[in-house]
Amino acid sequence: MKEILKQYVNIPSVAGREEGMANALKSKLGHIFEDVRTDSIGSLIMHRSGTGKKLLLCAPIDDFGIIVTYSENGKTVPGALGNTSESTFSSRRVGFFDGTSGVLMNGGKDESDISKYEVFFGDSTNPDGNPVLPKQSERGYFYPEFNELGTEYVTGRGIKSKLGAALVTALILDEYKDGSLFSDCDVTLIFYVQSKLDTKGITAASFEISADIAVIFDYTDVQSTELLKGGLSLLLTSKRYVCPPEISSKLQKLISDKSIQVYTDNESVICPEAALYCHASGFPVCKLCFAVKDETVRIGDAVQSAKDVLHALISE
């Protein structure tokens with residue numbers, strides 16, 4: 001999974017410009033699925049028919065980015081494109097899809113408000129001597145960082161938004177070694193967009209899809225080092241969603257001997273969406289999250305942990 005994650009981290013995919021990630025996913029997984037398509041808002045959907053249970057696996061593919069709100073008179077001011085928990089962007093290098101790049105600086109103002117920054121482009125000029133600036137409304141991305149911490153941990157900017165897609169990719173490739181997927185389940189993948197904009201592309205993408213069980217792969221920010229050490233986690237309660245008791249008890253029993261953390265009845269839930277709940281379409285959805293602390297995450301054993309949960313659910 002580590003090499004897949006490293007590749008995905010280096011693909012810019014801010015809201016509205018996720019095509020690079022979609023193309024990478026098609027390249028890695030397209031040969032396994034008989035139906036590969038993109039919906040009207042840009043979510044990538046793959047389907048492989050099977051005789052077993054209907055399994056839906058989902059992961060986001062967009063990242064927090066910036067959009068140019070002003071670009072004249074040698075000055076470029078960015079706006080936020082999505083939501084982020086980051087507290088500072090000072091001296092962060094940014095690139096734009098038109099090929100220009102620069103550095104964010106804010107002169108000591110509110111470092112958490114990206115609209116207080118300007119983008120500095122150095123001495124680059126076009127043939128008529130004017131500064132090379134991106135156009136207004138041009139989308140931009142942060143240059144990623146990727147560092148390995150031993151064999152099980154990785155750290156760096158841009159990692160956490162690609163964790164879900166990397167895990168699903170590694171999971172599918174590992175399962176397909178014997179020529180089938182999850183005991184010949186009917187499998188649909190949704191790599192959804194606009195998650196950073198809080199518009200939940202997964203809802204739109206899954207509107208006409210039925211499933212016996214769906215699993216969303218994502219991340220959640222944590223403050224505890226112990227949660228970080230646990231790696232992949234299954235959260236069964238939250239402040240926003242109510243977990244049906246019969247489903248919660250079933251899952252706890254199914255994975256009681258598996259290599260994964262389980263949280264229940266926790267008033268300080270670390271991610272209000274990281275829970276088991278009933279999807280609007282009527283089928284149960286389970287969320288598996290990587291615990292991320294200060295841009296650091298444990299990915300060791302994640303593929304096996306995810307396989308344990310999925311096979312337990314399928315066998316029930």
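Mentor: Let us begin with contacts, a contact being heavy atoms within 4.5 Å. Of the contacts in the chain with a separation of 6 or more, 74% are between residues 24 or more positions apart. This is a predicted model, in which local features need pLDDT of at least 70 and side-chain atom pairs count only at pLDDT 80 or more, while totals for chains, interfaces and linings use all residues. Residues are numbered from 1 along each chain as its sequence is written, and side-chain values use heavy atoms, with hydrogens and water left out.

Trainee: How many helices and strands are in the chain?

Mentor: Helices (H or I, at least four residues) and strands (E, at least two) are DSSP runs, numbered from the N terminus. The chain has seven helices and 18 strands.

Trainee: What percentage of the residues in the chain is buried?

Mentor: Buried means under 20% relative accessible area, exposed means over 50%, and partly exposed lies in between, with a 1.4 Å probe and protein chains only. Of the 316 residues in the chain, 52% are buried.

Trainee: How many salt bridges does a search of the whole structure find?

Mentor: Side chains of opposite charge can pair when their charged atoms come close. A salt bridge is counted when a side-chain nitrogen of Lys or Arg is within 4 Å of a carboxyl oxygen of Asp or Glu. The search of the whole structure gives 13 salt bridges.

Trainee: Which residue forms a salt bridge with Arg17?

Mentor: The partner of Arg17 is Glu19, with 2.8 Å between the closest N and O atoms. Arg17 is partly exposed because its relative accessibility is 27%, and Glu19 is also partly exposed, at 36%.

Trainee: Where in the chain do Arg298 and Glu152 lie?

Mentor: These two side chains, Arg298 and Glu152, form a salt bridge at 2.8 Å, N to O. The pair links distant parts of the chain, 146 residues apart: Arg298 is in strand E18 (residues 296–298), and Glu152 is in the loop between strand E10 (147–149) and strand E11 (153–155).

Trainee: Is Arg298 buried or exposed?

Mentor: Arg298 counts as buried because its relative accessibility is 14%, whereas Glu152 is partly exposed at 28%. Arg298 also forms a salt bridge with Asp301, where the closest N and O atoms are 3.2 Å apart. Asp301 is partly exposed, at 47%.

Trainee: Which residues are linked in a network of salt bridges?

Mentor: Such a network links Asp174, Glu175, Lys177 and Lys307.
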